Amino acid sequence: MWKALAVVALLVVSGIAPAAEPLRVGFSSLGKARIGLDEQALAKALGTRLVHAQPAAEEAGCFYASAATLPHDVGLMILDGQLARIDVFEPGLRTVSGAEIGMTEQALKQLYGARLVQSPHTYAEPEGHYLTLMSPDGRHGIRFETDGNVVTGYYAGTARAIQYIEGCQ
């Protein structure tokens, strides 16, 4: 115990901070970005203003935003004034359980087992799939898109928002 405290004290005195935990996507969060936060609270939690992705294309009550403190390949869906979904477009950002873009469909099924519900992908049929994992209370989920072989993207959020297949639609 004393050795551990001495190591921590040495790191603090030397100015070396322990490595921060990597960002991970959960059913309802990515770091401090939590599903249900309104735009102002979300900007405050992230420590930066939100940038609307395509202001001219915003639909009534729904739009995408990004934040400089998040990876560039993450989209934040704001629906009815609150963060409803976190979209991941490129490899490099994992879920809490370790799933990521580029992972095989088989590995994803091994990771989550029977909790994944498979359905045909609207645009990548017949090979592609949606593989959806719901939180225990059914209020949130993560939906993975595949080409039939590997995960090509995923998003986490409210049960309603993860059903949208074309962004805000």
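Q: Which hand does the disulfide of C62 and C168 have, and what torsion goes with that?
A: In this predicted model, the torsion about the S-S bond of C62 and C168 comes out at about -75 degrees, so you'd call the disulfide left-handed. The two sulfurs sit 2.0 Å apart, and the count for the structure is one disulfide.

Q: What parts of the chain does the C62 and C168 pair tie together?
A: Look up where each cysteine sits. C62 belongs to strand β5, while C168 is in the segment after β12, so the link ties together parts 106 residues apart in sequence.

Q: Are C62 and C168 buried or exposed?
A: Here you need the cut-off: buried means under 20% relative accessible area. C62 has 4% relative accessibility, so it counts as buried. C168, at 16%, counts as buried too.

Q: How should I read the largest nonpolar core, and which residues touch the most other members?
A: The general idea first: in soluble globular proteins, nonpolar side chains tend to be buried together. In this case, the largest core has 32 residues, and L76, L108 and F144 touch the most other members. Several elements each supply at least two residues of this core, including helices α2 (39–46) and α3 (105–112) and strands β6 (74–79) and β11 (140–146). Apart from it there's another core of eight residues, with Y64, M77, A84 and A161 among them.

Q: What does F144 touch, leaving out residues up to four places away in sequence?
A: Its contacts include A99, L108, Y112, L116, L131, V151 and Y154. T95, H129, Y130 and G153 are on that list as well.

Q: How many salt bridges does a search of the whole structure find?
A: Five. Let's go through some of them, checking the N to O distance, then the exposure of each partner. R160 and D80 meet at 3.2 Å, N to O. This pair links distant parts of the chain, with R160 in the segment after β12 and D80 in the loop between β6 and β7, 80 residues apart. R160 has 46% relative accessibility and so counts as partly exposed, whereas D80, with 54%, is exposed.

Q: Are D87 and R85 buried or exposed?
A: Both are buried. Their side chains meet in a salt bridge at 2.8 Å, N to O.

Q: What separates the closest N and O atoms in the salt bridge of D137 with R139?
A: That distance is 3.7 Å.

Notes. Residues are numbered from 1 along each chain as its sequence is written. This is a predicted model: local features need pLDDT of at least 70, side-chain atom pairs count only at pLDDT 80 or more; totals for chains, interfaces and linings use all residues. Side-chain values use heavy atoms; hydrogens and water are left out. A nonpolar core is a set of buried Ala, Val, Leu, Ile, Met, Phe, Trp, Tyr and Cys residues joined through side-chain atoms within 4.5 Å. Buried means under 20% relative accessible area, exposed over 50%, partly exposed in between (1.4 Å probe, protein chains only). Helices (H or I, at least four residues) and strands (E, at least two) are DSSP runs, numbered from the N terminus. Contact means heavy atoms within 4.5 Å. A disulfide is a pair of cysteine sulfur atoms within 2.5 Å. A salt bridge is a side-chain nitrogen of Lys or Arg within 4 Å of a carboxyl oxygen of Asp or Glu.
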